Amino acid sequence: MKRIVLGITGSIAAYKALEILRRFKKGGEEIVCVLTPHATKFVTPLSFSTLSGNPVVTGLFEPRNTPIHIELAASDLILVAPCTYNFIGKVASGIADDTLSSVISAAKSPVVFVPSMNTNMWENKILQENIKKLKKLGYYFIQPETGALSTNKIGKGRFPEPDLIVKKVYQIIAQAEATPLQGKRIIVTAGSTQEDLDPIRCITNRSSGRMGYEIAREALARGGDVVLISGPVEIEPPKGIEFVKVRTTKELAQEVLARGDKAHILIGTAAVADYTPVHYENKKIKADKLTLELKKTQDILKLVRKRYKKLFIVGFSLESNNVIERAKAKLKEKSLDLIVANPLSSLGGFETQITLIDRNLKLKKLPLLSKSEASKQIWDWIIKSRNEQLNAPTN
Ligand code: C5P
């Protein structure tokens, strides 16, 4: 069952919204109707409350625990049908002076407008500019049809058939569900890094990069705007992805930090080299016996968290023993939002048996999975956890 806000504005086609409401109810959806003050001149709230089974919202200022517009903004979709010239202009200008425009101002879910008006108003350049602007910002429009208008003239501006509107709304919901990362900028780090001893040798590890590449591929499939920053690996990056090749920990840190302010989510699957030589030799080292002095590399995730407090950061942990306890400690120490604990057996392989750990140290153990299947489950979990965090009360 979906919760849909059905907004009705002051158009002669307002009565047709009742047909839309009936179809959604038949489909088992919960509908909350919001009428603008002008809409109440064309139709009565009583018809809409009777058919929806919910009180109709007309005012912003009724006393409540949660402001009504914030509560309704958290619905699965907002449909404005019919939508007037004036209402499109208001939303395009960022005005929120009634309940419906206020709901839209706070909405993160899809918003669909069904314009209905006189042909001259429809062809007005200001309206067309406003529609262009809103479409660019990700708002949906269902085009009016050509046919008989209320003035008995034939022209464009006619409200489309309710069946068509309902069908398109279900298509938009399905599309939004399939691409929950639409509009989200995601950084994925993958592979190992190399720390140079001399011009020829380096310290590194056996990471294949497969987990990170699968995570990036899945994020792309779910509509994300993904940049994959990778250390040297032998596999190909997913097609169509923004790909940045790095070699050292320092380079990886620079590339991540440069993108952190615009990103929404950072997934740190890279097996970063933890140690780097204290001295770099300019010439190839020649010695019968050699003792290396190493120091810790900079902790990229810690650095990023310090700079970008709001970024949702997911870390990965791979340990030979105390796998879960150590992953929990890293989550705290690096102030991560989530961490994925990997067993040693996953290093360089095609499969992994991971445990997902959230900020409350709640565990979710997964069975042995291919890295491709694991990446799907990891994304389901990240999206759910992030949504819960975004919707949590802030005070
Ligand atoms: O501390 P440890 O290396 O085990 O932590 C693993 C997590 O921290 C991974 O997500 C890895 O990408 C990240 N990491 C980092 N900078 C380092 C070492 C690890 O960002 N220098």
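I began with Leu-301, where a polar backbone atom lies 3.0 Å from an oxygen atom of the ligand, a polar contact being a pair of N or O atoms within 3.5 Å. I then found an N or O atom in the side chain of Asp-274 at 3.0 Å from a ligand oxygen, and a polar side-chain atom of Lys-334 at 3.0 Å from a ligand oxygen as well. The protein covers 87% of the 440 Å² of accessible area that the ligand has on its own, as computed by the Shrake-Rupley method with a 1.4 Å probe.

**Basis.** I noted that this is a predicted model, in which local features need pLDDT of at least 70 and side-chain atom pairs count only at pLDDT 80 or more, while totals for chains, interfaces and linings use all residues. Residues are numbered from 1 along each chain as its sequence is written, and side-chain values use heavy atoms, with hydrogens and water left out.

**Ligand shell.** I listed 13 residues around the ligand, the closest being Gly-268, Ala-270, Gln-298, Phe-316 and Lys-330; a residue counts here if one of its heavy atoms lies within 4 Å of the ligand. Both α11 (300–307) and β16 (312–319) supply at least two residues of this shell, helices (H or I, at least four residues) and strands (E, at least two) being DSSP runs numbered from the N terminus.

**Cysteines.** I searched the whole structure for disulfides (two cysteine sulfur atoms within 2.5 Å) and found 0. For Cys-83, the nearest cysteine sulfur is that of Cys-33, 15 Å away. Cys-83 counts as buried because its relative accessibility is 0%, whereas Cys-202, at 29%, counts as partly exposed (buried is under 20%, exposed over 50%, partly exposed in between, with a 1.4 Å probe and protein chains only).

Technical notes: Polar contact = N/O pair within 3.5 Å; in protein donor to acceptor, adjacent residues only side chain to side chain.
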